[in-house]
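Q: I am new to this structure and would like to go through it with you. Could we begin once it is on the screen?
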Amino acid sequence: MVDCFVTDYQGDSVAVEPINIAAFDLWLKLQSEYLENVCENQGFGRKAGQFFLDYNTEGKLRKVYLVVSEDLNPYSICEKINQLPAGHYHLETDDKDMASAVVRGWGFGQYRFERYLKPKDKAKLVVDTDSFGYELAVVEATYTVRDLINTPADDMGPTELAEFAEEFAEKHDMSFDQLVGDVLLSENFPTIHIVGRASHKAPRLIELNWGDDDSLPLLTLVGKGVCFDTGGNNMKEAQFMRWMKKDMGGGAHVLGLAQLIMSQQLPVRLKVLIPAVENAVSGSAFRQGDVVVSRSGQSIEIGHTDAEGRVILADSLTYACESKPDVLIDFATLTGAARVAMGPTITPVFSNRDAITEAIKQSGVKTCDEMWPMPLPARYKDYLKSTVADINNSASLPQAGCITAGLFLQSFVDEDIDWVHIDTYGWNFGDRTGGTEGGEALGLAAVMDWLVSRYPR
C-alpha cells in the first residue's frame, strides 16, 4: 500500500465530492445560494482539476469539491490533489467510475521520490480495498516503475537492478536467475555482453518466472535495461545524457506490469527477461564497425554505439521465442524518434498483428494512457542493410527512426508468435504527475487493460 492511501483508518476524515465538469452546471443549480456565489466569484467549475475547500463556521475544513474531466481522466486532477492540505479524506460519490478515476489520480498526483529526501505529510485517502483493489494495484505498480527509473545509475546499475529483481521475485513467489559477465558468452548471449562489457558493473540477463501450470498460456515480457547510456564511443552530448538513468525504463515497466499481472492473478504463466547493462566507455567498449553474431545466428554490424538498446534486445527476444510464448511483449526506451513523432505522453505501439495494436489503442483510450499504432513496412528494412553483416543496428537515413528500430527487433522474433513492441518514454515533464518531472509509467495501464481482456479470469 502506497503512503497516500489508508484502509483501516477509524478517525475523522474530510469528504471529497468529485463533480464531472460536463454535469457541473446541473450540479450547481442544486446547491445553496452561498455555494453558487462562491463558485461564481472564484471561477470554480470552469476547468478540470479545480478544487474548492469548504470550511465550517469554526474554520475547520468540512468538505472538498473536486472537478473531474468529462472523460474521467485521472491525470487531470494530479496537480490539484498534490496541493491538498495534509490529513485524511474520503470519497463522497455513488459513481463508481468517478471514484475509480479519483483514486487513481490521487495516487498518481501524490507520488514523490523520497529515497534521498525527508518524507513529508500527505493528503491520505481512506479507501476500501474490496471496491478499489485494482486501482490501488495500478497505482502501486506505477510507483514501482517511477521509483526504479528515478533512482540514479550509481544506485541502480546492472548489479543493483538484479538485486531488486531478486527481492521482487522472492516477494511474489517467482523463480530468479541471472547470467552474468562472461557467462553470457558461454551461454550464447553475445549481444548483451558486447554492449555491457565496458562497465565495471558486469552485464547480465535477468530472468524471472511465475506459475507452473503448463496448461496456461505463456506470457513473456522483455524490458530494455540500459541502466545508464553514455552513447558509448559515439558519446551523447551532455543535454541528451542528463537523464539517461531512465534508459532502463523498459526493465522498470516489465517489472511493474508483472506486479500488476500477479496481483490480479491473470490465468497465465509469466516469464520476465531484462538484459541489464551500462553502455559505458572504456578500453573494452564496443566500437562502430564491430560485428557481433547474435544468438539467432544473424550477424549485426554496429553502425552506431548509441543504438545499443536494440542490440541487447536481439538476443533477449531470440531467447524469449525459444519458449514459444502465446504473447511476447517488449518495453524499451528505444528511440528519440518516437518522441519526435508522438511527444512525451503518447506512446507508440508496434506489433506483427494489426488487431493487437488497435485493441491496445482502445485500451489506451479507456485508461487515459494514450497509445498509438505504428506501422512496420517491410520495405523500410532496406535502410538496415549492411555490406559486412546480415543487418545494421543503425539505419542509413534519419527519418522513421522508431519504425526502423522496430523492424530491427522484428528480425529476431518468430513470425508465428504474437509480438508487441512498445517504445515508451519512461519520463514526463510534470504534466502527468502533478508538476513533478521524473520517471513515469507510459503504456503500463493500457497494456494491462488489454491483457485483462485477452486473459479473462
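Q: What share of residues 14–127 is helix, and what share is strand?
A: Over residues 14–127 the chain is 31% helix and 25% strand. The end C-alpha atoms of that stretch are 13 Å apart. Helices (H or I, at least four residues) and strands (E, at least two) are DSSP runs, numbered from the N terminus.

Q: What does UniProt call residues 14–127?
A: An unreviewed UniProt entry gives them the feature "domain: M17 aminopeptidase N-terminal". UniProt positions follow the numbering used here, feature names are shortened, and annotations may be inferred rather than shown by experiment.

Q: How should I read the model itself?
A: This is a predicted model, in which local features need pLDDT of at least 70 and side-chain atom pairs count only at pLDDT 80 or more, while totals for chains, interfaces and linings use all residues. Residues are numbered from 1 along each chain as its sequence is written, and side-chain values use heavy atoms, with hydrogens and water left out.

Q: In what order do the strands of the 6-stranded sheet lie?
A: The order is β1-β6-β5-β2-β4-β3, in an open sheet with mixed pairing. Two strands pair if DSSP finds at least two bridges between them.

Q: Why is one side of β1 and of β3 left without a neighbour?
A: β1 (5–6) and β3 (51–55) stand at the edges and each has a single partner strand, so one side of each has no neighbour in the sheet.

Q: Which helix packs on that sheet?
A: Helix α2 (residues 33–42) does, touching β3 and β4 (61–68). Contact means heavy atoms within 4.5 Å. The direction of α2 makes about 140° with that of β3; axes are lines fitted to C-alpha atoms, for helices over the stretch in contact, and angles run from 0 to 180 degrees between N-to-C directions.

Q: Do β2 and β5 run parallel or antiparallel?
A: Strand β2 (residues 14–20) and strand β5 (residues 87–91) pair in the parallel sense over 3 bridges. Ala15 stands opposite His90 in β5.

Q: Changing topic, what does UniProt place at residues 145–440?
A: The record, again an unreviewed entry, has "domain: Cytosol aminopeptidase" there. Over residues 145–440 the chain is 32% helix and 23% strand, with the end C-alpha atoms 7 Å apart.

Q: Which strands form the 3-stranded sheet?
A: That open sheet has the order β12-β13-β17, with mixed pairing. β12 (291–293) and β17 (391–392) are the edge strands, each pairing on one side only. β12 and β13 (residues 299–301) run antiparallel, joined by 3 bridges, and Val292 stands opposite Ile300 in β13.

Q: How much space lies in the largest pocket?
A: About 930 Å³. On a 1 Å grid over the protein atoms alone, a pocket is an open set of points with protein on both sides within 12 Å along at least five of seven lines, whereas a cavity is a set where a 1.4 Å probe fits but cannot get out; lining residues have an atom within 4 Å of a point. Grid points are joined across faces, edges and corners, and a volume is the space filled by probe spheres set on the points.

Q: Which residues lie nearest the centre of that pocket?
A: Lys236, Leu334, Thr335, Gly336 and Ala337 do, out of 34 lining residues. The largest share of the lining, 3 residues, comes from α12.
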